[in-house]
Amino acid sequence: MVNRRHFVVASAAAGLSAAPALAAEGGAPVRTEPLNAGYWGTQFYGDEEREQLLNVLETRRPFRWYGTGRQAPDKVATFEKEFAARMGAKYALAVTSGTAALQCAMAALEVGPGDEVVLPAWTWHSCYAAIVLAGALPVFAEIDESFDIDPEDLERKITPRTKAVMAVHLQGMPANMDRVLEVARRRKVKVLEDCAQSVGGSYKGKPLGSMGDIGIYSLQLNKSITAGEGGAVVTSDPLLLERAARFHDVGGFRAPHEQWVGKPQLSPFVGTNFRMNEFSGGVLLAQLRKLDKIVGGVRANAARVYAGIADLPGLTTRLRNDVEGDIGTAVFAGFASQRQRDRFMELMRAENVPARPPSGSVILPVQPYIESKTTVHPAWPSFTSPRGKAIRYGAEACPKTLDILSRFAGVAMDPKFTRRDTDDVIAAFRKVHGAALKA
Ligand SMILES: Cc1ncc(COP(=O)(O)O)c(C=O)c1O
């Protein structure tokens, strides 16, 4: 009879190594220190950003439209030109945040009271807020296992009142744009691409933001490139750009935009102030020139991990709508139950390679302020119409989204992970995955 000790000794002698003991059960962890991803953009801050900032200080020109001296400030303007070119759009407008960009996009698309906008149930607060602040009604669609909007459910949620749909490219992953665009064109609704979480990603070779009617980006700390805060809108339609620009600058359309976009087509209308300053513009210009390096680094590291775990028996990974276009923000595994997923996270944490549930967004329909339709005023137009009164949010609005997000967990990637770091992610996955499936 072969007992366990004899088996281990015999296997070692035969050059076969026994499965290493799980760290959660007393074995040695894959790493001695936890592996954590950092903030991508700030890791690349260097002389280029410093020079841009110093130049704004020294020339005393912090405001984008005018300032000391005869030369016009040009940081934000140059950023807009280079951003539009990188994103494959004719025009770009720099603004103060992704949330501001969403509000400009709503204004550009003339979304207002009586209109409906479809958005994924799992995304950031700002998507819902921009629709409500425009006076329109948010209608949630489920996500699928890409964590992006489910095109089938998107189509089901379109009504004769739907003006636009938000294709949000979440956590680095392009939405299924072939399907989204096909549905939107057929049902005659506008497409807003929200690329806040996927700045620099692509879909079938096309930059994210360039395929819909209008695209928005966030340049806040957690995004691909950053000035702490910041945002941008892109479009190839001069009228949409003019509306967005007027909305972002208290109704005005300034000479530099007019020179770029063409003769104004509109009269002033009510707007706000979401203008970007030259300090942010300078830093973002320097960061934009590093975007492909940053995204390329993350993508290469994620690809290495995916390749290293591909043969694991029973492995389910996140659905990838476009493998090459995915930034690879995190490498996610899916399980049959939350119990298995939670066990996977527990085992990975013990190996010092923490895996976490999908993050960076919230399940909006179950947020109490959304479920109760709380706004700044009880007569808010979004919810006073019969349709606005009748619509129900809460868990019933997104059972599939709740289920998917309870069964996936992933390891966040970083552009500066070393080979050793990605080897550790692969080793930890390989060590614990089978055990998690048994939970
Ligand atoms: C999908 C999405 N849209 C919009 C935003 C808003 O961007 P900001 O934080 O720059 O206002 C975010 C921010 O995380 C986001 O994740």
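Student: What is the strand order of the open sheet of seven strands, and what is its pairing?

Tutor: The model is predicted. In this model the order is β1-β10-β9-β6-β5-β2-β4, and the pairing is mixed.

Student: Why are β1 and β4 called edge strands?

Tutor: Each has a single partner strand, so one side of each is left without a neighbour in the sheet. That holds for β1 (91-95) and for β4 (137-141).

Student: By how many degrees are neighbouring strands of this sheet turned against each other?

Tutor: By 20° on average, direction ignored.

Student: How do you know that β1 and β10 pair?

Tutor: Pairing needs at least two bridges. β1 and strand β10 (residues 231-235) have five bridges, in the antiparallel sense. One example is Val95, whose bridge partner in β10 is Gly231.

Student: Which helices lie across strands of β1, β9 and β10, or of β5 and β6?

Tutor: Helix α3 (residues 75-87) lies across β1, β9 (214-218) and β10, at about 130° to β1. Helix α7 (residues 177-187) lies across β5 (162-168) and β6 (190-194), at about 175° to β5.

Student: What makes β11 and β12 a pair?

Tutor: The threshold is at least two bridges. Two bridges join β11 to strand β12 (residues 330-334), so the pair meets the criterion. The two strands run antiparallel. Thr316 has Gly334 as its bridge partner in β12.

Student: Where does that pair sit in its sheet?

Tutor: In an open sheet of three strands, ordered β11-β12-β14, with antiparallel pairing. The edge strands are β11 (316-317) and β14 (408-412), as each pairs on one side only.

Student: Which residues of α12 and α16 make the contact between these helices?

Tutor: First the geometry. The axes of α12 (residues 338-350) and α16 (residues 419-437) come within 9 Å and cross at roughly 145°. The crossing is right-handed. Gln340, Arg343, Phe344, Leu347 and Met348 of α12 meet Ala428, Val432, Ala435, Ala436 and Leu437 of α16.

Student: What makes this contact nonpolar, polar or charged in its parts?

Tutor: Its residues divide into eight nonpolar, one polar and one charged. Arg counts as charged, so Arg343 is the charged one.

Student: Which residues come nearest to the ligand?

Tutor: Of the 16 residues around the ligand, they are Gly98, Thr99, Trp124, Ala196 and Ser218. Helix α4 (98-108) and helix α5 (125-133) each give two or more residues to the shell. α4 gives the most, with three. The shell divides into five nonpolar, 10 polar and one charged.

Conventions. Residues numbered from 1 in each chain as written. Predicted model: local features only at pLDDT ≥ 70, side-chain atom pairs only at ≥ 80, totals over all residues. Near = placed C-beta within 6 Å. Helix = DSSP H or I, 4+ residues; strand = E, 2+ residues; numbered from the N terminus. Axes fitted to C-alpha atoms, helices over the stretch in contact; angles between N-to-C directions. Left-handed = near helix turned anticlockwise from the far one by under 90°. Contact = placed C-beta atoms within 7 Å.
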